[in-house]
Amino acid sequence: MSGCSRSLGTRPTLLPVPLAAVNRLMSVTAHAESRIALVRRARRINRELAVLYPDAHTELNFGNPLELLAATILSAQCTDKRVNMVTPTVFARYRSAADYASADRGELEKMIQPTGFFRAKANSLIALGQALCDRFGGEVPGSLRDLVTLPGVGRKTANVVLGNAFGVPGITVDTHFARLSRRFGWTTQTDPDKIEQEVGSLFPRRDWTDLSQRMIWHGRRVCHARRPACGACGLSALCPSYGEGPTDPVVAAKLVKPGPFS
């Protein structure tokens, strides 16, 4: 599989939010939103996200499923940018599951140390290689059921690999996806598995992977955890949480982070 070097997304367009649109949204969300209305609003948000981020993709660099799986494990509590600085050396040294299984622990730990939690991550990568060799002929399996049985692999990591390396739709519930899902009023859950289930029910399965990438990009660039750039957000008229961050366009524009994050 070819690497995932792609053109970067453009900076979200700064759109003024008509007062009438905001008032309508406040009126709707002040009352219980019907299931049909929720689904329609959620899918419209996804369409708008597609316009804002037409090239949204995983910002981890990889060339095959094993590389993406290893990179995703390394990305825990670490930025994609830092992971991408480390993985070229790792991928050149460890080309197969057998290479990870037989890795010298000290050498591997030294390579991945900049990603943090390097001892635990080294344990996961070595155990991952052993499990792939023992149970899957050295190949990364292409099903959620099999992936989550591997060391260091939960549903989030499995869905990243399935969606981006195998083309199998999956929802990746990272911190950005979870935060935006609650702000958009799609769920009130905090458990990732429950968020995945509730949000997944609002969209056709074929949309899950692209939706995940767009949500993550928007969370990194505009809808921040502490000060979302509400006044510079193209989704303001559809978001019941509009106003959690600065609504002044000039102030909000300064909060937008155009990337890249890879």
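Mentor: Cys78, Asp80, Asp174, His176 and Arg220 lie nearest the centre of the largest pocket, among the 28 residues that line it. This is a predicted model, where local features need pLDDT of at least 70 and side-chain atom pairs count only at pLDDT 80 or more, while totals for chains, interfaces and linings use all residues. Residues are numbered from 1 along each chain as its sequence is written, and side-chain values use heavy atoms, with hydrogens and water left out.

The space in this pocket comes to about 750 Å³. On a 1 Å grid over the protein atoms alone, a pocket is an open set of points with protein on both sides within 12 Å along at least five of seven lines; a cavity is a set where a 1.4 Å probe fits but cannot get out; lining residues have an atom within 4 Å of a point. Points are joined across faces, edges and corners, and a volume is the space filled by probe spheres set on them.

Helices α4 (80-93), α9 (155-166), α10 (175-183) and α12 (208-221) each supply at least two lining residues. The most comes from α12, with 5 residues. Helices (H or I, at least four residues) and strands (E, at least two) are DSSP runs, numbered from the N terminus. By class, the pocket lining holds 8 nonpolar, 13 polar and 7 charged residues. Here Ala, Val, Leu, Ile, Met, Phe, Trp, Tyr, Cys and Pro count as nonpolar, Asp, Glu, Lys and Arg as charged, and the others, Gly among them, as polar.

Stay with α12 for a moment. Arginine 214 sits in this helix. Its relative accessibility is 16%, so arginine 214 counts as buried. Buried means under 20% relative accessible area, exposed over 50%, partly exposed in between (1.4 Å probe, protein chains only). Leaving out residues up to four places away in sequence, arginine 214 touches Asn46, Leu49, Ala50, Tyr53 and Ala56. Contact means heavy atoms within 4.5 Å.

The largest nonpolar core has 36 residues, and Tyr100, Leu108, Ile112, Leu125, Leu147 and Leu150 touch the most other members. α4 and α9 are among the helices that each supply at least two residues of this core. Such a core is a set of buried Ala, Val, Leu, Ile, Met, Phe, Trp, Tyr and Cys residues joined through side-chain atoms within 4.5 Å. Another core lies apart from it, with 33 residues, among them Leu38, Leu52, Leu235 and Leu238.

Next, the rings. The whole structure has 4 aromatic pairs. Rings of Phe, Tyr and Trp (its six-membered ring) pair if their centres lie within 6.5 Å; planes under 30 degrees apart count as stacked, over 60 as edge-to-face and the rest as tilted. Tyrosine 94 and tyrosine 100 have ring centres 5.2 Å apart and planes at 20°, so they are stacked. Both of these tyrosines are buried.

The structure also holds 1 cavity of 30 Å³ or more. The largest cavity has about 100 Å³ of space. Of its 15 lining residues, Cys223, Pro228, Cys230, Cys233 and Cys239 are the closest to its centre. That lining divides into 10 nonpolar, 3 polar and 2 charged residues.

Last, the chain. It has 13 helices and 0 strands. Of its 262 residues, 49% count as buried.
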